[in-house]
Amino acid sequence: FSISSKTVSGSCPSNIALIKYWGKYEHQIPANPSISYTLNHCRTNTEIEFSAGEPFSVQTYLSGTEEVKFAEKIEKYFKNIESYLPWILKGKYTIRTENTFPHSSGIASSASGFGAIAKCLMALDEEFSGKISEDASLRKASFLARLGSGSACRSLYNGLIVWGNSDEVEGSSDLFAVPYPETEIHDVFRDFNDWVLLIHEGQKSVSSTVGHGLMNTNPYAERRFQEARENFIPMKEILKTGNMERFITLVEHEALTLHAMMMMSEPAFILMKTGTLEVINKIWDFRAESGLPLFFTLDAGANVHLLFPNNGSEDRIKAFIEAELLKYTQKNGVVKDVMKF
Ligand code: PMV
């Protein structure tokens with residue numbers, strides 16, 4: 001390779017898992033496969049200025065403000081991936097990054113953040129090591145993003161994305177994510193809303209690193225990993241046939257199981273807030289009364305991702321959310337995103 005100073009940029013959206021990844025082995029190998037929707041609007045935009053030949057150092061700015069902690073994390077990450085990008089420690093980095101969604105909203109900024117950095121790194125790699133095919137470049141970006149934050153590897157592709165080896169998904173791998181085959185997806189799943197109710201903004205009570213670690217001693221962990229693997233069997237059929245009722249049951253079950261795992265950890269964590277429970281009950285009541293497909297998923301936090309398809313009932317669902325659910329939110333209210341492919 002031959003390096004030179006260069007500025008590159010990359011943009012990457014966040015994602016929300018339907019079958020959750022929670023628990024991992026060494027080298028960011030997931031304990032079970034997961035599948036997520038890539039969001040369309042919640043993105044991280046990143047610019048990397050690489051000064052060749054300078055001593056290795058990393059400076060990061062989030063929306064113009066220097067972030068020393070984040071820089072330390074990136075420094076460690078770059079050292080970690082040197083065997084895949086041999087030039088990476090041979091210069092100085094200034095990284096400027098901004099999210100298009102509120103900070104500390106519980107929307108996975110690590111997924112969009114590492115996705116965007118991986119894209120920038122692949123742009124630099126093409127300059128220094130030569131061009132490779134677009135497919136190969138995306139796959140390597142997904143591989144690199146995984147080493148930053150596991151779920152980030154799914155953000156490199158749009159649509160429904162699988163990470164982790166599953167017998168049900170051809171070509172799936174523990175090392176990088178792959179798009180779920182579009183011909184196997186019913187149209188009803190190809191235009192979906194994700195409205196994130198910001199019930200609790202601010203620092204999460206448990207980081208995902210700590211959360212994954214707690215699965216090492218959780219007595220229910222092995223059963224959970226097996227369940228997640230098995231859940232790909234009904235998921236495959238649901239995605240093919242468009243069975244919304246079964247989709248809703250499976251997706252909500254996955255979210256509650258993730259939270260149950262945290263409650264059964266040692267030490268235990270309850271990641272929901274009062275508002276989370278109120279909203280879940282309101283959703284269930286609404287669904288029982290109206291029969292309309294409004295349901296939820298949760299990340300490792302208190303905010304509720306409201307999921308509903310654009311298939312004719314969305315106006316009535318949106319009216320219900322505005323009238324009945326917004327009152328449980330904090331200052332930023334709701335972040336509206338859509339998954340379309
Ligand atoms: O990528 P991490 O290590 O931040 O883990 C994310 C885990 C969940 O968001 C809770 C689930 C998932 O599959 O995205």
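These legends go with several close-up views of a predicted model. Residues are counted from 1 along each chain, in the order its sequence is written. Because the model is predicted, local features need pLDDT of at least 70 and side-chain atom pairs count only at pLDDT 80 or more, while totals for chains, interfaces and linings use all residues.

**View A. Helix α5 (residues 221–241) packs against helix α6 (residues 244–263).** Helices here are DSSP runs of H or I with at least four residues, strands are runs of E with at least two, and both are numbered from the N terminus. The two axes sit 10 Å apart at an angle of about 165 degrees (axes are lines fitted to C-alpha atoms, for helices over the stretch in contact, and angles run from 0 to 180 degrees between N-to-C directions). On the α5 side, look for R224, N231, P234, M235 and I238; on α6, for R246, F247, L250, E254, T257 and M261. Contact means C-beta atoms, placed from the backbone, within 7 Å.

**View B. Helix α2 (residues 109–129) crosses helix α3 (residues 134–148).** Here the axes come within 8 Å and cross at roughly 130 degrees, so α2 and α3 count as oblique to each other. Among the contact residues are F114, I117 and M122 of α2, along with A141 and L144 of α3.

**View C. Strand β7 (residues 91–99) pairs with β4 and with β5.** Strands pair if DSSP finds at least two bridges between them. Nine bridges tie β7 to β4 (residues 34–52), running antiparallel, and N45 has E98 of β7 as its bridge partner. With β5 (residues 57–62), β7 runs parallel through six bridges, and L62 sits opposite T97 of β7.

**View D. Four strands form an open sheet in the order β11-β12-β10-β13.** Pairing in this sheet is antiparallel. At the edges are β11 (295–298) and β13 (334–340), each pairing on one side only. Neighbouring strands are turned by 25 degrees against each other on average, direction ignored. Four bridges link β11 to β12 (residues 304–309), and L298 partners V304 in β12.

**View E. Helix α7 (residues 274–290) lies across β10 (191–197), β11 and β12.** Its direction is at about 150 degrees to β11.

Key
Two residues are in contact if their C-beta atoms, placed from the backbone, lie within 7 Å. Angles under 35 degrees count as roughly parallel, over 145 as roughly antiparallel, 65 to 115 as roughly perpendicular and the rest as oblique.
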